[in-house]
Amino acid sequence: MSEAATEVPAAHVEVTGEGKPLLLLHGWGASAELFAPVVNALQPGRRLILPDLPGFGATPEPPAAWAADDYAEWTARLLERLGVERADVIGHSNGGRIALVLAAAHPDRIGKLVLTGSAGIRPRHGLRYHARVRSYKVLRAVGQSHALPAILRNAARARAEQRGSDDYRAATGTMRGTLVRLVNEDVRPLLPRVAAPVLLIWGDRDDETPLHDGKIMERLIPDAGLVVFEGAGHFAYLEQPARFSHIVDVFLRQAAS
């Protein structure tokens with residue numbers, strides 16, 4: 001765990017039910033509440049653990065910009081505090097990224113892994129993207145320069161804000177730096193180390209984490225299978241909750257091969 005994670009935020013977590021532990025990790029900008037449509041269907045025979053990740057919901061933001069491994073170690077500590085030695089995990093979007101890092105770093109703590117619209121595959125950008133990034137950095141530098149008139153600094157800051165992503169503009173405090181660290185990570189080198197059986201569920205219209213990312217994960221994770229939800233987007237588990245819950249339930253109940 002990095003020095004940025006030495007002050008660990010106290011978790012807001014809901015634990016419900018009895019049975020085999022199932023940890024649900026939400027995506028960026030959300031909270032555990034977004035799993036509500038699938039909780040009842042997944043509940044029978046399971047102890048569901050639904051934390052708000054640091055910086056979201058009712059859990060305070062981290063003391064400094066965190067990377068995925070900081071979130072993974074925070075999650076491992078949470079399981080320890082709850083007395084959970086081993087859990088199955090469902091991760092959506094950024095929660096999937098954290099789940100993958102957790103599975104690679106602590107294989108003994110993960111039973112089975114379900115990833116839906118998982119983040120973690122860093123896209124290869126073209127020249128236009130890199131030009132926009134350079135332009136954004138120049139505007140940020142101008143906005144922070146005390147050698148320039150206030151009117152120029154304010155105009156540069158306003159233009160920089162317009163060029164940032166929706167998630168970046170919505171983030172405050174340490175979460176802006178956290179977002180930058182997360183989106184610049186690539187989990188591909190970790191995927192061959194994921195020993196857990198993995199079920200990948202993807203919407204074929206996902207424009208946040210494209211289906212291509214799911215196919216990369218299926219290829220690089222040793223024991224992975226991909227299920228595609230036709231017509232679904234980035235929130236496939238919310239768009240087709242009954243189908244999602246049934247497939248996940250069958251997968252989690254299957255005996256390990």
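These legends accompany several close-up views of a predicted model.

**View 1**
Let's start with the strands. Seven of them, or 7 strands in the order β1-β3-β2-β4-β5-β6-β7, make up an open sheet with mixed pairing. At the edges stand β1 (12-16) and β7 (224-229); each has a single partner strand, so one side of each is left without a neighbour in the sheet. On average, neighbouring strands here are turned by 15 degrees against each other, direction ignored.

**View 1. Strand β3 and its two partners.**
Which way do β1 and β3 run relative to each other, parallel or antiparallel? They run antiparallel, joined by 5 bridges, and you can find E14 opposite L50 of β3. With β2, strand β3 pairs in the parallel sense over 4 bridges; here L23 stands opposite I49 of β3. Strand β3 is also mostly covered, with 6 of its 7 residues buried.

**View 2**
Strand β6 (residues 198-203) runs parallel to β7, and 6 bridges join the two.

How far apart are the end C-alpha atoms of helix α3 (residues 94-105)? They are 17 Å apart, which agrees with the 16 Å that its 12 residues should span at 1.5 Å a residue. Of these 12 residues, 11 are buried, so α3 is largely enclosed by the rest of the structure. Among the buried ones are G95, I98, L100 and L102. What surrounds them? The buried residues of α3 pack against the strands β2 (20-25), β4 (87-92) and β5 (110-116), and against the helices α2 (68-81), α7 (174-183) and α8 (211-220).

**View 3. Helix α10, with a buried face.**
Helix α10 (residues 241-253) has 13 residues and reaches 18 Å from its first C-alpha to its last, close to the 18 Å expected at 1.5 Å a residue. Its buried residues are F244, S245, V248, D249, F251 and L252. Seen down the axis of α10, these buried residues fall within an arc of 165 degrees, so they line one face of the helix. On the face of α10 turned away from the buried side, look for the exposed residues A242 and H246.

**View 4. Two nonpolar cores.**
Now for the inside. The largest nonpolar core has 42 residues, and Y71, L100, L113, L115 and M217 are those with the most contacts inside it. At least two residues of this core come from each of β2, α2, β4, α3, β5, α7, β6 and α8. Which element gives the largest share? Helix α2 does, with 7 residues. Zoom in on L113: leaving aside residues up to four places away in sequence, L113 touches V89, A99, L100, A103, V194, P197, V198, L199 and F251. A second, separate core has 21 residues, including L24, Y237, F244 and L252.

How values were computed: Residues numbered from 1 in each chain as written. Predicted model: local features only at pLDDT ≥ 70, side-chain atom pairs only at ≥ 80, totals over all residues. Heavy atoms only, no water. Expected span 1.5 Å × (residues − 1). Buried < 20%, exposed > 50% of the residue type's maximum accessible area, 1.4 Å probe, protein only. Contact = heavy atoms within 4.5 Å. Arc of directions from axis to C-beta. Pairing = 2+ DSSP bridges. Axes fitted to C-alpha atoms, helices over the stretch in contact; angles between N-to-C directions. Core = buried A, V, L, I, M, F, W, Y, C linked by side-chain atoms within 4.5 Å.
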